[in-house]
Amino acid sequence: MTLTTDPARRRPGPRRLRAWLLAGTEQAQQHAGPHAQPAEEHLLHPWWRVMCLTGVDYFSTLGYQPGIAALAAGAVSPIATAVLVLVTLVGALPVYRQVARDSPHGEGSIAMLEKELSWWKGKVLVLVLLGFACTDFLITITLSGADATAHILENPYAPHLLEGHQAAVTLVLLALLGGVFLRGFTEAVGIAVVLVAIYLTLNAVVIVDALIQIATHPHLFSDWHALLVNEHPGPLALIGFALIVFPKLALGLSGFETGVAVMPLVRGDPGDSAANPAGRIRGARALLTTAAAIMAVFLITSSLSTTLLIPEKEFEPGGPANGRALAYLAHEQLGTVYDVSTIAILWFAGASAMAGLLNLVPRYLPRYGMAPTWARAVRPLVIVFTLIGFVVTIVFRASVDKQSGAYATGVLVLITSAALAVTLSTLRRGRRRLAVAFGAIAVVFAYTTIANIIERPDGLIIGSIVIIAIIAVSFSSRVARSFELRVTGVRLDPLAERWVRESAEAGALHLVANELDVGDAAEYVDKVRKARQELFVPEEVPLLFLEVNVPDSSEFEGELDVCGEDRHGYRILSLTSTSVPNAIAALLLHLRDTTGVRPNVYFEWSEGNPIVNFLRFLFFGAGEVATVTREVLREAEPDPDHRPFVHVA
């Protein structure tokens, strides 16, 4: 028996590979993953289950936070951690509860700031914040993978062949993570619930046992107290030192931006609507508050336990407690069980961050025209982000300590921007006292961000590189895609439709592009004269004028609204769009398709330097209108016999 197979299946070629890579080009809100906006009701979950999804990232910091705190603050670690908890509960939590109210559809604080700033100012700010957000998520992936590797290598049952190959093991973990997303990432809430429940339970066992040891050995506490007094005599000196080292502990603030990003997964009330999702907002606020409260308890108790029970030298780089303090305490009782749980949640924290990237980048850049078309597909982005993760891992040699500064910078910049967004939002609504309070919180986080950058500039360096790369790719893409139609739909009001129909029934459509000046009768008389004398339009042919209004040229695409206006006896088609030539080209093609008549459009050559005019087109939506309109038409309609006519005088 002979089997017949498709030749493409026997010999996978570039076309098949490309089709596989670009499969799933849905918009950001349709991406599968924990940060997606669910398309169906069955994807919605109670807030406590979604909290576990956030907790995969947030709670997993317990794997390395106590060790980092001990290394940064020494004996003062519990006091500095208490400051961190205070800032979390009094600062970050109120800010993000407000973000949940003002941005309940998963856009987060970046979208809030975009609304506060118009035109290109808002777009550039979004690109900068997007750079830091990508830094945050990318370092979450690499740092979590590096710490998972540390737990693997420090386990006594780990093969000796792995010793000294931390970077290689981390690269394998990152590749496995990328492989999960290349195969497809489905809803992960159930997995997250199991991982978080097991991980927090094991941590609770370890911490309770440690606190019992401290309670039964009072000298541990008294020795620690004596060391504090000796190193920092006086409470003011102690608190001052805790405030100074606090920025180094900023990793414990991670998870809030993820918390608002997963809001679309929270099941709201039956009466919720897109305009007023009150139930979702209430659930998201409960999610944020509960996660912060749980983390506050675990942070303080874990810091106290590890500081009092682990010798200081064990926290040093290369020491058995470096980056894994609680695992160090757990080995006597839980051993490998705790390590497996920690490795799993740290690795899955990377999955949450990857899903966040896959949601964040397509949400903004394609809408700005600042991403290649393949950026709407999941798999190419997974490959890009995985390769970037490889580079970061190799550069930092899979070191938790070295990457923590970059991670903290990304986290702090996002929280600072959220505090600023909330301040501006409340001020705009006239709530001045609340705006002052949020403004004070923003100042605290701004100080913390600056202090962290000064102490550990790696985060700013990486963030700047990512920002420069995003801006370069974004504007290159904007230039490359500038000749697309950029119109998602065309709507004509009744008067405009009637005029177009009458002209088409007369046998021809003749449209004159006019850049509105004073709008008096003389302006239109002059336009008509030039069309008749210089472009040889017959006297008996009726003319329609085209005038394009560009309210925001920084937007890339949108719907085209066409209104008919009678001005001084002349028929004006007034267009509102993001770009003059693209709007005219889209209208011409729409008129051709709806009337069956190939339109004629008439332009005057633009004065001035053509390069300057082209830059005006890119940034302001106007400039070299005639040439660009013709090029947009050529790109959209390759057949010259079906293309609208373009005349220039």
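**A close look at Val50**

Setting aside residues up to four places away in sequence, Val50 touches His45, Val189, Val262, Leu265, Val266 and Leu287, where a contact means heavy atoms within 4.5 Å. Before going further, some ground rules: this is a predicted model, in which local features need pLDDT of at least 70 and side-chain atom pairs count only at pLDDT 80 or more, while totals for chains, interfaces and linings use all residues. Residues are numbered from 1 along each chain as its sequence is written, and side-chain values use heavy atoms, with hydrogens and water left out.

Back to Val50, which sits in helix H3, residues 47–58. Helices (H or I, at least four residues) and strands (E, at least two) are DSSP runs, numbered from the N terminus. Val50 counts as buried because its relative accessibility is 0%; buried means under 20% relative accessible area, exposed over 50%, and partly exposed in between, with a 1.4 Å probe and protein chains only.

The axes of H3 and helix H9 (residues 189–216) come within 8 Å and cross at roughly 70°, which makes H3 roughly perpendicular to H9. That label covers angles of 65 to 115 degrees; the axes are lines fitted to C-alpha atoms, for helices over the stretch in contact, and angles run from 0 to 180 degrees between N-to-C directions. On the H3 side, the meeting residues are Trp48, Arg49, Val50, Cys52, Leu53, Gly55 and Val56, and facing them in H9 are Val189, Gly190, Ala192, Val193 and Val196. Sorted by class, this contact has nine nonpolar, two polar and one charged residues. Here Ala, Val, Leu, Ile, Met, Phe, Trp, Tyr, Cys and Pro count as nonpolar, Asp, Glu, Lys and Arg as charged, and the others, Gly among them, as polar.

Stepping back to the chain as a whole, the secondary structure comes to 24 helices and seven strands. Of its 649 residues, 53% are buried. Take the contacts between residues at least 6 apart in sequence, and 81% of them join residues at least 24 apart.

Next, the empty spaces. Rolling a probe the size of a water molecule over the atoms shows where empty space is left. The structure holds seven cavities of 30 Å³ or more. A cavity is a set of points, on a 1 Å grid over the protein atoms alone, where a 1.4 Å probe fits but cannot get out; its lining residues have an atom within 4 Å of a point. Grid points are joined across faces, edges and corners, and the volume is the space filled by probe spheres set on the points. The largest cavity comes to about 100 Å³. It is lined by 14 residues, and the closest to its centre are Glu107, Phe137, Glu257, Ala261 and Leu360. Helices H6 (108–116), H7 (119–154), H12 (256–261) and H15 (336–368) each supply at least two lining residues. The lining has six nonpolar, six polar and two charged residues.

Now a few other spots. Glu314 is in the loop between helix H13 (278–309) and helix H14 (325–330), and counts as buried because its relative accessibility is 13%. Beyond four places in sequence, Glu314 contacts Gly319, Pro320, Ala321, Asn322 and Tyr328.

Further along, Glu534 lies in the loop between helix H21 (521–533) and strand E3 (544–549). At 40% relative accessibility, Glu534 counts as partly exposed. Its C-alpha atom is 9.2 Å from that of Val648, 114 residues away along the chain, and its contacts outside four places in sequence are Arg529 and Ala649.

Finally, the E4 and E5 strands. His568 is in the loop between strand E4 (558–567) and strand E5 (570–576). The phi angle of His568 is near 55°, a positive value in a residue other than glycine. Thr576, in E5, is partly exposed, with a relative accessible area of 31%. With residues up to four places away left out, Thr576 touches Asn549, Pro551, Glu559, Leu560 and Asp561.

Conventions: 1 Å grid on protein atoms, 1.4 Å probe; cavity = no way out; pocket = protein on both sides within 12 Å on 5 of 7 lines; lining within 4 Å. Parallel < 35°, antiparallel > 145°, perpendicular 65-115°, else oblique.
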